[in-house]
Every structure is written in structure tokens, then in C-alpha cells.
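Here is a walk through the model below. Keep the coordinates open and follow the paragraphs in order.

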Amino acid sequence: MNADYLELTDLTVSFDGFVAVDHVDLTVLQGDLRFLIGPNGAGKTTLIDAVSGLVPATGRAEFGGQDLLGRKVHRIARMGVGRTFQTATVFEELSVLQNLDIAAGSGRSAWTLLRRRRGVPPSVAEAMETVGLTELADTPAGILAHGQKQWLEIGMLLVQDARLLMLDEPVAGMSGEEKEQTGHLLRRISADTTVVVVEHDMDFMRAFAKSVTVLHAGKVLSEGSVAQVQADPLVQEVYLGPGSHTAEEAAIVLGEGV
Amino acid sequence: MDVLVTQVFNGLSGGSILLLAALGLALTFGQMGVINMAHGEFIMAGAYTAFVMQQVLGAAGLSLLVSLPMAFLVGGLLGVLLEATLLRRMYHRPLDTLLVTWGVSLILQQLARDVFGTAGVDVPAPGWLSGPVEVLGFSFPRSRLFILALAIAAVVALSLALRLTPLGRRIRATVQNRQLAESSGISTRRTDVLTFFIGSGLAGVAGVVLTLMGSISSNLGTSYIVDAFLVVIVGGIGQIKGAVIAAFVLGTVQSWVEYSTTASIAKVILLALVVAFLQARPQGIFQVRTRSLA
């Protein structure tokens, strides 16, 4: 079995008594492309916030055998855990290349920080190629198209050498073609990393997910392949309301193949 | 013509002093958003560093050149001390920060009075900075030219550092988006401390320069802190180039108004102009514009 995997045990996040993530157990192996879905407020984003250290949590969140909880955000990032944010979040006033450079150089010592570095490091060039932004290297990130910003975010995770990538709605606001490209990009990346994607886009989920976890009110409701999850009556109930539903109804919300 | 040249030069000269006093603040207040009322006392500390250096080294020329890096270090260390002990506990609490740093400023002033006495002390300028330079029949004081050159050098050095070095990128990244910076593996704590060190160090350098303008005393900082804040606010928060333009504009306006009225009336008119300007452009000269969705 691979050493790199994310294992959440009894993970709980509460804000002033409101339990946003409620005793979640979750295991994602290397090579997986796991989609986290669920209605609004299910705790999907809070869950990846907790793993990346942005909100305090109890329980355990192990990656590569080390507990992440209680560590500082930048320490977790340097352990190979990368995440993107819901709205495309890049350093708007820095160029594409500079954005990638920041992500690539987080571990540098104070001394090298003062030296002007010449040339583009191979890892940065490679990441830029992978996400298809090579021609826009010197463009300020603030004026990139929405989809390109999302790709830049993914590129920043690649140069960080992130082995666990957590993406918060990576295809929100993208055109069909951009989604398609993003999906293939994620497939390629997930071959040798662990990828967790929070997504509302069911078509995108069906096309590219290797496995799915459904969260509801902070708890894991269902887990399995796309087909298994879609067929789960509990999932249908959460998305469609209580009562029995026809296959057609379920298909409209959860997609074909129910 | 005579008056014109003299007034333009006075404006540039006044502007360069304002700029040096405000440049560090453009970093700590403009970039980090910390209201540091003790910034003026860091200037004072820089000035007294120059005084002590001259007492120790004797030679005015050598001591001035040694004082510049020393004052940067003294100001910077004071800043780091303040940041590490007090300010780090009160980020996002601007009112508390204002009061606390004002208290620190009073303490530092009293400390200076206890150590150096209440009377002002003089730091004689070296020979190569006294007297005027004649250019095309006009004479310009050498010390003023030196200050102008130093101010320009400081701005160029700071903006190159922010633009070209990885440390500068890290500072800009932390300013633009703290969460993303952390998630990218940047220690924002360390970046904050370094930013504060540089900003406060620049105040120290400004202090050295002010010794060329006259005698120095414990209230040196109080006479510059308000002007420094004005420069940063008029320039636009977080914009070094805004601070540069604002400093020279304010310096020029002040010198012209002072020429036709008195120093205190000039101050009143200047403040009125700033208030009017901020009514029209609350964000200052430059505004940060992006296509950010957030």
C-alpha cells in the first residue's frame, strides 16, 4: 500500500457550539480523485479548511503518517498539503510567474531571499506547461480569465510539490470546454498524488470522479463509486427531500445512470 | 525666476524629508495596516544614534556614513521588539494599536529625555556637506541635496527590493492575501517581522538625515509623525509610488504657501487642502484595482 494517504479520524469542527464537521472518518488513498459533494452547509469547505489548518479542529487528520492538526498553516503547506479556495484566489498584482515562484520557494532561507534569481526553475516551467499558462507568464494574475486563475492555482500547488491537493470548486464559473480541460488535468495529476475535490457540478463529478463522498450536515452520508452514491436512497432523500422518488426525478438532480 | 527656482527646490527638499519620514510608514501602515504612533520615536532613535556615533567616532564624515546603517539597525530592532511584544497580539484591533503605540511613543520620549537631557543636541555636519553648491548662478545647500539624493536612493532601493527579490514578493503576497500566502507555505509571522524591521529601519535612517536640518531633541518624532501619516494616506494605502508623489506634492505646496504666508498658516492651509482632496478621492492618489471576484 502507498504511504501517502489522507486519513481523517473523528474529525470535528465546531464554531461556538455549531458543529460544522461532525465526527467525520474519511480515507483517501494516493492515486484517488475523490469528490466531496453535498448540499450547501454540509461542511465540505470547512473540512478542507480544517485539514489545511485554517480552522481549529479536534480528532485526527493524518497525511503520510503525520498528524496535521494543531500545526501552523504554512507548516502544513510545506508538508505537501496544498489547497485552493472557492473564489479563484491568486496574488492579483503579481504575474503568473511570480505567483508560481512564491509557491515554489516557500522553504527558502532568509539569505537566498535577498538574491535576485535569474531564469525560471525547471519545476516552475514544467508546472506552467502542465496548466497551459506558459504564454501568459508575465501577465498580472489579476487580469487572467476566471478559468485561467483556477489553473494558476492548481499550478501553484504543483510547484509546491503538494502530494495532497484539495480543490474547492475548481470548475465553478468555467465554460464546458474549460471544465473538460480541467477534468483531464485533474486526472493526470491524480495519477501519483492524492486529490480531493469539493464540487457542486454534478456533470463534472460524474465525468471525472474516481470515488465520491457525500456529506450532509457535517456527517458522511454515503461513500463509494459515482454509481453507488447516485443509487443510495439516503443521498436521493437529501437532494430531493423525503419520500420515495422515481428514477427520473433522481436522474434530473443527480444525473444519468441512477 | 529666482524665487521660482528657490521655491521649487525648497519644495523638493521639504518633500524629500517628508518622504524619508513616511517611507517606513508606507510599509508598516500602508502595507501591513498597523497604526504605529511610535514611528516618530524610531526616527528620533535614529537621530540619537547619529549623535552617539559622532561622540564615539569623532570624525563627522565617517560617523555620518556609519550612522546610516547603524540607525537602520537600531530603528529596525526597536520595531521588531515592538512587533514581537505588543503588536502581534493586536492585529485587526486598530484602536488598541493606536493607543498602545502612543503609550510606547511617550515612554521612548521620556527615555530619551532621561538619557540625553531635555536640551536639544547638535550633530555637526561633515565639511563636505556644509556650504552651498553653485549651479547656473543659483546656490543650493549641499546638505539639502544630500537628503534629496538619499530619499531617492531609499525609494529606489525599497521598490527594487519589493519588486525583484523573493522576500519582496513574499511581503507583497502576504499583504495581498494572507490566507493564500500561508497555504502556499509562507510563514506570514516571519514576513510580518521582517516587514516591520525594514519599515522601522527606514525611520531610523530618516532620523540620521534630520540631524542635518538642525538640533535634535526628544520631541523630534512628534513633529514628523502626523505629516508622515498624511503622506501615506494621501498617496493611497499600500502604494509606494503614491507616497512618493504625495510627499513631493505636499512639500511643494507647503513651501509655496509658506512663502506667501507664515509657517503655521501654511500648516492650516495644507491640512484643509488634504481634507478637501480626501473628500474627492478617499482612497488617495492611487487605488488598488483588480478583477478580483472576492
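B:Q31 sits in helix α1 of chain B. The model is predicted. B:Q31 has 23 C-beta neighbours inside 10 Å, so B:Q31 counts as buried. Now look across to B:G235.

The crossing of α1(B) and α10(B) is right-handed. On the α1(B) side, the contact runs through B:Q7, B:N10, B:G11, B:L12, B:G14, B:G15, B:L18, B:L19, B:A22, B:L23, B:A26 and B:G30. On the α10(B) side, the residues are B:I240, B:A243, B:V244, B:A247, B:F248, B:L250, B:G251, B:T252, B:Q254, B:S255, B:W256 and B:Y259. Sorted by class, the contact of α1(B) with α10(B) holds 14 nonpolar and ten polar residues, and no charged ones.

Helix α10(B) also packs against helix α9 of chain B, residues 222–235. The angle is about 120 degrees, and the axes are 7 Å apart. That angle makes α9(B) oblique to α10(B). The pass of α9(B) over α10(B) is a right-handed crossing. From α9(B), the contact takes B:L230, B:V231, B:V232, B:V234 and B:G235. From α10(B) come B:G242, B:A243, B:I245, B:A246, B:A247 and B:L250. The contact of α9(B) with α10(B) has nine nonpolar residues, two polar and no charged.

α2(B) passes α8(B) in a right-handed crossing. B:H39, B:F42, B:I43, B:M44, B:A45, B:G46, B:A47, B:T49 and B:A50 form the α2(B) side of the contact. B:S200, B:A203, B:G204, B:V205, B:A206, B:G207, B:V208 and B:L210 form the α8(B) side. The tally for α2(B) with α8(B) is eleven nonpolar, six polar and no charged residues.

Turn to chain A. It has eleven helices and ten strands. Of its 258 residues, 46% count as buried. Consider contacts in chain A with a separation of 6 or more: 65% of them join residues 24 or more positions apart.

Which residues of the largest nonpolar core touch the most other members? They are A:L100, A:L152 and A:V197, in a core of 77 residues. Helix α6(A) gives the most to this core, with seven residues. Apart from it lies another core, of 72 residues, including B:V34, B:A71, B:V100 and B:L162. Leaving out residues up to four places away in sequence, A:L152 touches A:V90, A:V96, A:N99, A:V131, A:L133, A:A141 and A:L144.

Next comes A:P140, in the loop between α5 (122–130) and α6 (146–159) of chain A. Beyond residues up to four places away in sequence, A:P140 touches A:E93 and A:S95. A:R163 is 23 residues from A:P140 along the chain, and their C-alpha atoms are separated by 27 Å.

Finish with backbone angles. Most residues other than glycine have a negative phi. A:D16 is not a glycine, yet its phi is positive, about 45 degrees. A:D16 lies in the loop between β1 (5–15) and β2 (18–29) of chain A. It has 4 C-beta neighbours inside 10 Å, so A:D16 counts as exposed. A:E169 also has a positive phi, near 50 degrees. A:E169 is found in the loop between β7 (164–168) and α7 (176–190) of chain A. With 21 C-beta neighbours inside 10 Å, A:E169 counts as buried.

Conventions:
Residues numbered from 1 in each chain as written. Chains lettered and ligands numbered in written order. Predicted model: local features only at pLDDT ≥ 70, side-chain atom pairs only at ≥ 80, totals over all residues. Left-handed = near helix turned anticlockwise from the far one by under 90°. Helix = DSSP H or I, 4+ residues; strand = E, 2+ residues; numbered from the N terminus. Contact = placed C-beta atoms within 7 Å. Nonpolar A, V, L, I, M, F, W, Y, C, P; charged D, E, K, R; others polar. Core = buried A, V, L, I, M, F, W, Y, C linked by C-beta atoms within 7 Å. Buried ≥ 20, exposed ≤ 12 C-beta atoms within 10 Å, placed from the backbone. Axes fitted to C-alpha atoms, helices over the stretch in contact; angles between N-to-C directions. Parallel < 35°, antiparallel > 145°, perpendicular 65-115°, else oblique.
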